[in-house]
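Me: Could you help me read this model? I would like to go through it one question at a time.

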Amino acid sequence: MTIPGTTEPVAPDGLSAQYDPAGTESAIYERWLQAGCFTADAERSSRTGGDRDPFAIVLPPPNVTAILHVGHGLNATVQDVLVRWARMKGLETLWLPGTDHAGIATQNIVERQLADEGLSRADLGREKFVARTAEFVERTGGTILRQLRAMGASADWSRTAYTFSPELSGAVREAFVRLFERGLIYRGHRVIHWCPRCLTSLSDEEAEPRETNGMLYHISYPLAADPSRSITVATTRPETMLGDVAVAVNPADERYKDLIGTSVLLPILNLPIPVIADEYADPAFGTGVVKITPAHDANDFEVGRRHDLPMPVVIDMYGKMGEGADAAGRVPRTLQGMDRFDARKQIVAQLEAAGRLVKKEPHVHNVRHCYRCDTVVEPRLSDQWFVRMQPLAEPALEAVQTGRLRILPERHIAVYENWLTGIRDWNISRQLWWGHRVPVWYCRECDPPNNVIASREDLMSCPHCGCDVVQDEDVLDTWFSSWLWPISTLGWPNEEDTDLRAFYPTDVLVTAPEILFFWVARMVMAGFAFMGEAPFHTVYLHGTARDTQGRKMSKSLGNGIDPLDVVALYGADALRYTLVAGMGLGADVFLDPADLEKTFAPGRNFATKLWNIGRFLLGNAGTEAVRSIDEVKPDQLARADAWILERLDVAVRECDRALGPVHPIRGRWIEEELGAGLRLNDYAETARRFVWNELADWYLEAIKTRLLTPGEDQQVARAVLVHVFDRALRLLHPIVPFVTEALWQKLPGHVDGTWLATTPWPTAPRETEVSVAAGQFELIREIVAALRQVRAEYNVPPSKSIEAFVIADPAHQEMLDEEFSLISRLARTALAFVEWPPDVAGANVVLSGGTQLVVPLEGLVDVKKECARLGAELASLEKQLASLEGRLSNAGFLERAPSHVVDAERAKRDEWSVRRDQLKSRIEALCGAA
Ligand SMILES: [Zn+2]
Ligand SMILES: [Zn+2]
């Protein structure tokens, strides 16, 4: 279609010919900030006695050192769409931003910087290292929050939070002490995941299992009493055998019954170790015998505890073969200090030489890796702090099972339930320096349990005996502060805090599925543990940004897209539009990093389209206030006016349905017939279709002459145009906030100091009955579209005018007479009303309601040639159809072919039959005989 805006006169303070995102976006953002558009007012929340229902989202806090990538951009855009929508819906809306101190990740960055200077954290010492990290964060941290502004994120920056701030650190301490007092935090001596590079323990979730091609080594252990006999064990980590303290067999395993209580000799060391009976040995697995290495395997540790076995540590914290007391003399001198993987080769070679290696075979198994540095994690025996998770998991599980907490898309529910059902205790202590120090002090003088004191305040002396105390050296897992995010950022533990009362529980949590366990499930647990309620009623897990080959975008693959590059080239609106339009519920978003133009031009073109409509509007309606739509009487509306107003209602309703019922009732969404919501792509498409296909393609074209003819009807057309465009801008604002705000500020009659960002969302009646007038405009559209279709089918150039005979249904005759010039103009056709179809060679179209069109083609196309072409096409189609029908009546094919293939063939047959009938009627109309 053409938007004639560029040729129309533009008022002096109108819009520039070209939309310039770069010159518009940051200025508008500044003005929003100055006007306080994004600042929530806790006093206005109905929960604190105010007049508005609250709506709150907490931003998943990015790492404080993070730099914006397209994944953040996608995450923030989803939230911003929901938040802007809720704000316009009149909810007291809070989007709370902030950052995470990211213990292990940030510490790794600073350690790398130190390494470049030839230093280690030990060289600096704890205090200096923490100070340096804090200074680094102070200097460079939070960049990402500034970058989010460039994308239009309408967060309440006055409430920006940081997990390591004094306030949030207070919340961390309170949470620790409360759980300690409830007996839900304890110190445990057990085998945990250890990263030999980061030199810290990790939780189960931080030690990511990865499928690895390894080897399974079968080693024979000779019987001590009769070295000519032996039993065979299998292991993927032969270096740990130096720490074996037993071999175990199942007590029910007849093969080894006589050996229980005897000894075998540990190869290489020639050390006798007992054969024990334990259920842990699975008779069906391998030889049914397992070696027991309590210090280097979590399961073996449990066996060791049950049998009161020694626990020599043969691999040290650096992943090197141990020496010293812990190793209990078990590591031969030649191996001491050797890296664990080199030692593996050495030990295998020695076993081979000694004839103890029965066989080795390739073996695919899961090996855990550190989620921060990718080093192979080593199971390690140590003292750590744990949270007893099972009691905390129960309400979190129940909330999802009873539907109080929704997880979208629903396929993630099973994963969530599965994890919570089999949950293990959470190791929360880290041997790091950057983080919240464990708030526990030890007294050397007091007896247990008084010697371990968890305290909200720093302790200088023992509250029991007054002696000196020392604080635990460890810090807490980063996620131990993140799991409090929805409550700590709102002021917990101060339960009187207005923000907490006004906005807790929040509404929707928008995040990536990767952190469902790390973060989402734990936040739900913390919400119940400390506030008695889930922190949100809906979890929306969005998809991942991928390249056109389906690979996740990442720095290391070099297939990322820098959102700020896109903003600079195409504008934030184009980026947002592309992300939202490409996003089904929970589905991945595919972008082409190699072709930004192809990827983002549609978004930019959409903004340009809006801009051009705005220019057309200003050119025709001026900048002075026009009549309000309420002052227009229904009988003044032209058919096109009635039609576009109804289409607007439909668009509003569909957008609301796609976004979903945002307003929670006591933590539940109003479901009704509205469905799940959060279908952002459907929302974007509905809004686009309304503006592009209905408003621009039809309505603007239909009213052009009315706008140019002074008088009462011109005023009505202006009023409707301004009203509809205003509402269209409101509908689109959450997706493309900048261009819509820029245009809205220029609308005729705009009141200075008012903002689209805080203007009410359009409302529509629940049902719209199509009015007579709007229905009549539909018929006009049908006629015009049919005539355009004829032009397209017969390749009639737009410059060439055509004529058409209209045989109108009597019920429409009068209306069509009235709209004669409108139809002629829109279709570029000379119309003639006749009672009977004329006897001419032409295209014949029958429309709904019985109106018929005949377009004479003589003179427009070479009828003889066209008839020949159509005849050939028909013959070829009929041949194909016959062969398809043959296949579909072949019993053998129907039996053997998969049902989806048969269905597809049937659908094809139906489609081709319709086409054949169309061709036949075209031939009949044009050539006179079929
Ligand atoms: Zn690591
Ligand atoms: Zn004491």
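Predicted model: local features only at pLDDT ≥ 70, side-chain atom pairs only at ≥ 80, totals over all residues.

Me: Is strand 5 largely enclosed or open?

Reply: Let's look at its residues one by one: a residue is buried if its relative accessible area is under 20%. Eight of the 11 residues of strand 5 are buried, so the rest of the structure leaves this strand largely enclosed.

Me: What is the bridge partner of Cys195 in strand 6?

Reply: Strand 5 pairs with strand 6 (residues 200-202) in the antiparallel sense, over three bridges. The two form a hairpin with four residues between them, and Leu199 in the turn has a positive phi of about 55°. In strand 6, Cys195 is partnered by Thr200.

Me: What is the arrangement of the four donor atoms around the zinc ion (ligand 1)?

Reply: The protein donors are the SG atoms of Cys195, Cys198, Cys370 and Cys373, lying 2.2 to 2.4 Å from the zinc ion. Four donors count as tetrahedral if all angles lie between 85 and 135 degrees. Here the angles are 100 to 115°, so the arrangement is tetrahedral.

Me: How many residues apart in sequence are the parts that Cys195 and Cys370 tie together?

Reply: The donor residues of the zinc ion follow the spacing C-x2-C-x171-C-x2-C. Cys195 belongs to strand 5 and Cys370 to strand 13 (residues 357-370), so the pair ties together parts whose separation in sequence is 175 residues.

Notes:
Residues numbered from 1 in each chain as written. Chains lettered and ligands numbered in written order. Heavy atoms only, no water. Buried < 20%, exposed > 50% of the residue type's maximum accessible area, 1.4 Å probe, protein only. Pairing = 2+ DSSP bridges. Donors = N, O, S within 2.8 Å, 3.2 Å for Na, K, Ca; no water. Tetrahedral: all angles 85-135°; square planar, octahedral: opposite > 155°, others 65-115°.
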